[in-house]
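Dear colleague,

Please find below the structure that I am handing over to you. I would be grateful if you could read the notes that follow it alongside the sequence.

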Amino acid sequence: MRSKSKIDLKKLRPMILKRIEERAKEYPIKPMVPVAKEVLEARRVLIQGVSMLLKAFPVLSCKSCPEVFVGNEGHLIETCRCYLRRGNTRLHEWVQGSINDILVPVEAYHLHKMSQGIIRHQQRFDYDRVPAVLELCCQAGAIQHEEILELSKTYEDPNAPLHEDLSREDLTYVAAGTLRAWEALRAGVGKLLLAYPSKVCKNCSEVHVGPSGHKARLCGIFKYENWRGAHFWQKAGVNDLVPRKQVWHRRPHDPRILLNGGRDYYGHAPAIVSLCSHAGAAVPTKYATEMKPHGLSFPSPVV
């Protein structure tokens, strides 16, 4: 049998790096700059709106797992996924939530330029960590490199001014604008991902905005319990940069506290959609299947 010739990667490496550098000259893509600016504006409106709504509508988060619930009292559905416990049959321990429970932060390394070399493990502290959406908009030419760190602080500040004088109508108006901003943000990110390469780790939630993933060995795979594991990169989608935080959604005809026995009756929704719905915003019909707005409710036990 004829032996297959081996590929000399050392000879190919300069060619690959040159190709990446030449490709980077095509960025930013001018027609995509307005899209990136719309994403930035939607992100600003979204953060401002959620901060205002959280002053009027409480959000609870579980002390032991990532579960979130929009309401005054947490549900009694036994789905706690605490890693210290076995199984998913425990009640949640509810504490006051924050904006990060509604809009899940996703960070990425901020690249100096798209054609730079791959970030090595020993270089991981030489690069700033910024919201992945901002990094995407920066590479798309919507903001300058010196602006991205200042904009990153906006996300970390959940304490918006308290508007005690807002009426129910005002809150509904804010909720409607917030929901529109959420949809605009996700739609805009989807368009940018068609033009700008981004990666997500198959085994954890790490995101990298750029033509290739970094080499920082920080993959938190519980299966191996190895904090020095390398990431397994694949193409990223909208849900990787703008996660849909799913929650149990309490409908008007549901009992005051959702019970474990009604798990097959109750609906679900992204946390931001549930919050805006409670504030009176009209929810797009595409969420109806999971929210079950007119579905039957679990009958309350007779005391």
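The paragraphs below set out what was found, beginning with the confidence of the model.

Please note that this is a predicted model. The mean pLDDT of the protein is 85, and 83% of the residues reach a score of at least 70. Confidence is lowest in helix α1 (residues 9-24), where the mean is 68, and highest in helix α8 (residues 271-278), where the mean is 97. Over residues 156-160 the pLDDT stays under 50, and the model has 6 contacts beyond four places in sequence for these residues. Where pLDDT is low, the predicted coordinates should not be read in detail.

As to the overall architecture, the protein contains 9 helices and 10 strands. It has 303 residues, of which 42% count as buried. Among the contacts with a separation of 6 or more, 69% are accounted for by residues 24 or more positions apart. The accessible surface of the protein is about 18100 Å², and carbon and sulfur atoms contribute 54% of that surface.

Helix α8 deserves a separate word. Because 6 of its 8 residues are buried, α8 is largely enclosed by the rest of the structure. The buried residues of α8 are A271, I272, V273, S274, L275 and C276. Just after α8, G280 adopts a positive phi of about 100°.

A contrasting position is K30, which is found in the loop between α1 and α2 (33-53). K30 is exposed, its relative accessible area being 74%. The C-alpha atom of K30 is separated by 8.4 Å from that of A140, although the two residues are 110 residues apart along the chain.

C138 is in no disulfide, and the nearest cysteine sulfur, that of C137, is 8.8 Å away. C138 counts as buried, at 6% relative accessibility. C201 is likewise in no disulfide; here the nearest cysteine sulfur belongs to C204 and is 3.7 Å away. Why does C201 count as buried? The reason is that C201 has a relative accessible area of 3%, and buried means under 20%.

Turning to the aromatic residues, a search of the whole structure finds 3 aromatic pairs. One of them is formed by W248 and Y266, which are edge-to-face, at 6.5 Å centre to centre and 90° between the planes. W248 lies in strand β9 (residues 246-249) and Y266 in the loop between β9 and β10 (267-270), so this pair ties together parts that are 18 residues apart in sequence. W248 is buried, with a relative accessible area of 9%, and Y266 is buried as well, at 0%.

Y265 and F298 form a further pair: because their ring centres are 5.7 Å apart and their planes are at 55°, the pair is tilted. Y265 lies in the loop between β9 and β10, and F298 in the segment after α9 (288-291), so the pair ties together parts that are 33 residues apart in sequence. Y265 counts as partly exposed, at 33% relative accessibility, and F298 also counts as partly exposed, at 22%.

Finally, a charged residue is placed against an aromatic ring: the charged end of R129 sits over the ring of Y109, 4.7 Å from the centre of that ring.

With kind regards

Conventions
Residues are numbered from 1 along each chain as its sequence is written. This is a predicted model: local features need pLDDT of at least 70, side-chain atom pairs count only at pLDDT 80 or more; totals for chains, interfaces and linings use all residues. Side-chain values use heavy atoms; hydrogens and water are left out. pLDDT is the predictor's confidence in each residue, from 0 to 100. Helices (H or I, at least four residues) and strands (E, at least two) are DSSP runs, numbered from the N terminus. Contact means heavy atoms within 4.5 Å. Buried means under 20% relative accessible area, exposed over 50%, partly exposed in between (1.4 Å probe, protein chains only). Accessible areas come from the Shrake-Rupley method with a 1.4 Å probe; for residues, only the protein chains shown count as cover. A disulfide is a pair of cysteine sulfur atoms within 2.5 Å. Rings of Phe, Tyr and Trp (its six-membered ring) pair if their centres lie within 6.5 Å; planes under 30 degrees apart count as stacked, over 60 as edge-to-face and the rest as tilted. A charge sits over a ring if NZ of Lys or CZ of Arg is within 6 Å of the ring centre and within 35 degrees of the ring normal.
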